[in-house]
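Subject: A structure for you to look at

Hi there,

Here is the structure I promised to pass on. Have a look at it first, and then read my notes below with the viewer open.

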Amino acid sequence: MGWPIRRSAAWWALSGLTAWIIILTASFGCQPAFASEPKRVIILHSFGRDFKPWSEYARLIRAELVRRSPWHLSLYEHSLYTVRLDGNAPETPFVNYLRDLYAKHPPDLIVSIGAPAAGFVQRYRHQLFPLTPMVLAAVEQRRIQRMDLTANDAVVAVSLDFARVVGNIVQVLPETSNLVIAIGNSPIEKYWATQLGRELPPVTDRLAITWYNDLSFEEMLKRAAALPPRSAILQIMLYIDAAGVAHEEGTTLTRLHAVANAPLFSYSDAFFGDGIVGGPMLPVAAASRQTADVAIRILAGEKAGDIKTPPIGLATPRFDWREMQRWNISARDLPPESEIAFRPPSIWEQHRWTLIVVIAGLLLQAMMIIALLWQRYRRQAAELESRSRLVELAQMDRALSLGVMSTSIAHELNQPLGAIMNNVQAAEILMNRSPLDLEQIKDILSDIRKDDARAGAIIGHLRGFLKKGELRLHDVELSEIIDEVLRMVEPEAARRGVEVSVQAGNPANVKGDRVLLQQVLLNLAMNGIDAMQTSLNERQLRFATAFVGDTKVEVSVSDTGSGIAETALKGIFDSFVTTKQHGTGLGLSISRTIIESLGGRIWAENRAGGGAILRFELPLTKARAP
Amino acid sequence: MTEARPPTVHIVDDDLSFRNSVARLLKASGYQVALYESGKHFLERVPEDAPGCILLDLQMPGFDGLDLQSRLAERDNILPVVFLTGHGDIPMSVRAIKAGADDVLSKPVAKDDLLEAVERAISKYSEAHRRREWMSSRRALVNTLTPREREVFALVVRGKLNKQIAGELGTSERTIKAHRQAVMEKLKVQSVAEAVTIAERLGLLGDLR
């Protein structure tokens, strides 16, 4: 077939408008291997520069070539517009144009993008550049079989498995009952519509196929907006619709996506991210890389016909997370090993450092909390330990106090016991008399009962006092405690010639342990009694309570003994300080510990008229009404 | 003081219950009882001189048994004191005994021990009472002596002979003999030895020169 020399005005206009040459001169001046002549590469588009996915192939091949080429590259791009016109558009002017254009500087390599371009270069190879190697890129393998390849041709094929593409749709949206095929009406699209129709699974009751190939794009949009439920749209190609409108710039999918009420799918990952759900797709980047690779090898001198690469098939399924959300597709429904893209970055990804700092802070805080808790636990354990020690010591001290008072206790017990004995013996005498004086015997029995109860009470009281219990805090009334202590102290005081008196105050409630408070008072009282041992004056022991402000109450125990040396006043509550021959020196120390553990304080003073006053102060459970 | 009246036990104890019970027992055992809640109370109501004893609690607040005992001694009391103690407090018991207590009993006390001690104390009272009666009757006899006779009596009980007495008083031996006769008659004694006993018991040996 000869190349016509004549060029029509229409052709020039067309080529002037749409042909362009991009000369990319990569300069790597430092590399001496560079030849002075650049490598000339022509990239031939099938429809135009901006038809997706081919535009993507071209872009990526270009970029990859420039990146990997060790030579200066001159890249020239042309589009084969004839296929956009009807099948009879004359190709000769374009052939001539190309031949003339490169007459002086024949290209080193021609890369065709897509099947129409591949077909074109095949057809005009002998007229144009018979010996120039060619790479036929982005050609589906079905189309290659129809080509007449020479030793100067290398093919980077793709392999499109429609059954898998459709199978994916049914898998991720099992409910789908209506599959819309959005495809244009150009020759290549017709070809693919036929291929697809052949390879689609048979139409069943469950899945109907709706073809949009004979609709204008506007009509497609209208219908896509009102699809019945459980529909899905598979866009194959949409270069030129049935109305003859070419849709460049890859906008069809975006526009469909904007109106469609059903999920969109495609066979090429060039559309991934534009609104398709995803699935197994032809990987444009991989095919482009492969193409660039083959091109570089050819430029380096390898024979094009010797380079065989396997066709690139559908890649690992990829899905758009946003579309999955929109169509309610769970990650569980996806085929195994699917990748999910466009997932919004997790909080971790977005705020990694903030989170690291926050987590570190939290960890540090947690550690400190643990440390503090541990410390608290230890302290509580120590408190418990010291408290139980206090309880033990206090109990020992009480036992000692009672030991000191044993004479008086015996006396106290012997009173009722003696009375009982007397009464029994009197009764025995009366029983032998006649007539029986029943009245008196009744009185006697009643007195025995009373004395028995009295003895029991004394023992019970002592036992309660001696009991080794836990520290139990209750609301206790101080004057009751003073009365109880009085009962214990009085016999001993009587024995030792000491008069005991109480200045009764208003009831004062404090938080405390009954027995321990008794013990404090008993210690103070016994201390006072001991202090008066050698006194020749009147021996008086006096208990008194008085409120201190509205929140505290003070209890004092004063004696008329020898008083306390001024230097000893402070240390009198220390352990092992005793002025007595038989004292343990623990009584007052224990008393102080008890009072302080109840939140009070204890101290000693000397009385103006001689003798000492020991006082302690405790917080009231309830503040006094003013 | 009639024979029909039983002796009185004066019970001094601060413990009402014990006081009543011991009173009951003693009454049942045939004694009269008088009850006092404290030593001071007892002193306020000094009992009439009648056979009996004091049953005294050793330990009482303020004015205790020993205090009362010493106050009674000052008052020429002859009522024997039996102490009761709630607890065998040895130092106190010793003090009580030294101060003239007749007995110290521990509470509770068995009836027999109590009654025995009370009986012994009451018999001591009778003895003491008799001795006091004797003393007061003899003191009355001594008081009937004229001053001259007292001088003679004082010298006689010191074992002086008539002649020595006459010499000392500057009078005749005969006069002294008559005085001596009068003294012996007034004092109703038969022998000088009896007269010496009276002088000694009334504590006159020191008084009379």
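In chain B, B:Val9 stands opposite B:Cys53, a residue of strand S3. S3(B) covers residues 52–57 and runs parallel to strand S1 of chain B, with five bridges joining the two. S1(B) also pairs with strand S2 (residues 32–36) of chain B, again in the parallel sense and over five bridges. On that side, B:Thr8 has B:Gln32 in S2(B) as its bridge partner. S1(B) itself spans residues 8–12 and is mostly covered, as four of its five residues are buried. Please keep in mind that this is a predicted model.

Now for chain B as a whole. Chain B contains ten helices and five strands, and 37% of its 209 residues are buried. If you take the contacts in chain B between residues at least 6 apart in sequence, 64% of them join residues at least 24 apart.

Chain A has 626 residues, of which 39% count as buried. You will find 18 helices and 19 strands in chain A. Among its contacts with a separation of 6 or more, 75% are between residues 24 or more positions apart.

How many residues does each chain bring to the contact between A and B? Chain A brings 25 residues and chain B brings 22. On the chain B side, helix H1 (residues 16–28) gives the largest share, with eight residues. By type, the residues of chain B that touch chain A are eight nonpolar, eight polar and six charged.

Next, the interior. In soluble globular proteins, nonpolar side chains tend to be buried together. The largest nonpolar core here has 93 residues, and those touching the most other members are A:Val111, A:Ile113, A:Val135, A:Ala137, A:Ile233 and A:Leu234. Helix H10 (residues 284–299) of chain A is the biggest contributor, giving seven residues to this core. Where does the core sit relative to domain 1 and domain 2 of chain A? It lies between them, because both domain 1 (9–157) and domain 2 (162–281 + 314–344) give residues to it.

Leaving out residues up to four places away in sequence, A:Ala137 touches A:Tyr57, A:Ile61, A:Val111, A:Ser112, A:Ile113, A:Val156 and A:Thr291. There is also a second, separate core of 48 residues, which includes B:Leu56, B:Val109, B:Ala117 and B:Ile122.

In H9(A), the residues A:Thr252, A:Leu253 and A:Leu256 are buried. These three lie on the same side of H9(A), because they cover an arc of only 95° around its axis. Their cover includes strand S6 (178–182), helix H8 (217–224), strand S8 (231–235) and strand S9 (264–266) of chain A.

One last stop is A:Leu618, in strand S19 (residues 612–619) of chain A. Is A:Leu618 buried or exposed? A residue counts as buried if 20 or more other C-beta atoms lie within 10 Å of its own. A:Leu618 has 25 within 10 Å, so A:Leu618 is buried. Among the residues A:Leu618 touches are A:Val510, A:Gly512, A:Val553, A:Ile595 and A:Lys552. A:Lys552 is 66 residues away from A:Leu618 in sequence, yet the C-alpha to C-alpha distance is 5.6 Å.

Enjoy exploring!

Conventions. Residues numbered from 1 in each chain as written. Chains lettered and ligands numbered in written order. Predicted model: local features only at pLDDT ≥ 70, side-chain atom pairs only at ≥ 80, totals over all residues. Contact = placed C-beta atoms within 7 Å. Nonpolar A, V, L, I, M, F, W, Y, C, P; charged D, E, K, R; others polar. Core = buried A, V, L, I, M, F, W, Y, C linked by C-beta atoms within 7 Å. Buried ≥ 20, exposed ≤ 12 C-beta atoms within 10 Å, placed from the backbone. Domains from an automatic or database assignment. Arc of directions from axis to C-beta. Pairing = 2+ DSSP bridges.
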